[in-house]
Amino acid sequence: MRPPPGDRCTHDARQGVTFRINAQGTVNCLEAASRVGAERFVFASSEAVLGFPYREVDFKPDYFPIDEGHRLQPQDSYGVSKVAAEELVRCLGRVHGLEYVIVAPHNVFGVGQRYDDPYRNVIAILVNRLL
């Protein structure tokens, strides 16, 4: 069976690396936090856990505004790796007695951003237009 056109999971050549970085990296950070006696852990997830939106995928949220209770529906290996990492935070947070919070920022800004992606770089696009 062939994947449907636009199936990002099949087109992501780095999916193994992505998963190792996000899932195993999260485990490494949680274990380090436990070793040093940290009481709290903040995990930076991604809007990708919601399936947010790719031009070639017909994304329709279940409701607006989207909140923490919205179902997760990742559309690529990055989103799947972030869902796995969130679950690892919940599980290992309980095991190690760490208070945790999971944040999923929708607009971040920094070096190396692409200015041509209207879905992920709102801040960069606004700054570019102001200039």
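Student: Why is glutamine 113 called buried?

Tutor: Glutamine 113 has a relative accessibility of 17%. Buried means under 20% relative accessible area, exposed over 50% and partly exposed in between, with a 1.4 Å probe and protein chains only. Glutamine 113 therefore counts as buried. Please note that this is a predicted model, in which local features need pLDDT of at least 70 and side-chain atom pairs count only at pLDDT 80 or more, while totals for chains, interfaces and linings use all residues. Residues are numbered from 1 along each chain as its sequence is written, and side-chain values use heavy atoms, with hydrogens and water left out.

Student: Where does glutamine 113 lie, and what does it touch?

Tutor: Glutamine 113 is in the loop between E2 and H4. Helices (H or I, at least four residues) and strands (E, at least two) are DSSP runs, numbered from the N terminus. Leaving aside residues up to four places away in sequence, glutamine 113 touches Val108, Asn121 and Ala124; contact means heavy atoms within 4.5 Å. The C-alpha atoms of glutamine 113 and alanine 124 are 7.7 Å apart, although 11 residues separate the two along the chain.

Student: What makes valine 108 partly exposed?

Tutor: The relative accessibility of valine 108 is 49%, so this residue counts as partly exposed. Valine 108 is found in the loop between strand E2 (99-103) and helix H4 (122-130). Its C-alpha atom is separated by 7.3 Å from that of asparagine 121, 13 residues apart along the chain.

Student: How do you know how H2 and H3 are oriented to each other?

Tutor: The axes of helix H2 (residues 15-35) and helix H3 (residues 77-96) come within 9 Å and cross at roughly 20 degrees. That makes H2 roughly parallel to H3, since angles under 35 degrees count as roughly parallel, over 145 as roughly antiparallel, 65 to 115 as roughly perpendicular and the rest as oblique. Axes are lines fitted to C-alpha atoms, for helices over the stretch in contact, and angles run from 0 to 180 degrees between N-to-C directions.

Student: Which residues of H2 and H3 meet?

Tutor: Among them are Phe19, Val27 and Leu30 in H2, and Tyr78, Leu88 and Leu92 in H3.

Student: How many helices and strands are there, and what share of the residues is buried?

Tutor: The protein has four helices and two strands, running α-α-β-α-β-α from the N terminus on. Of its 131 residues, 31% are buried.
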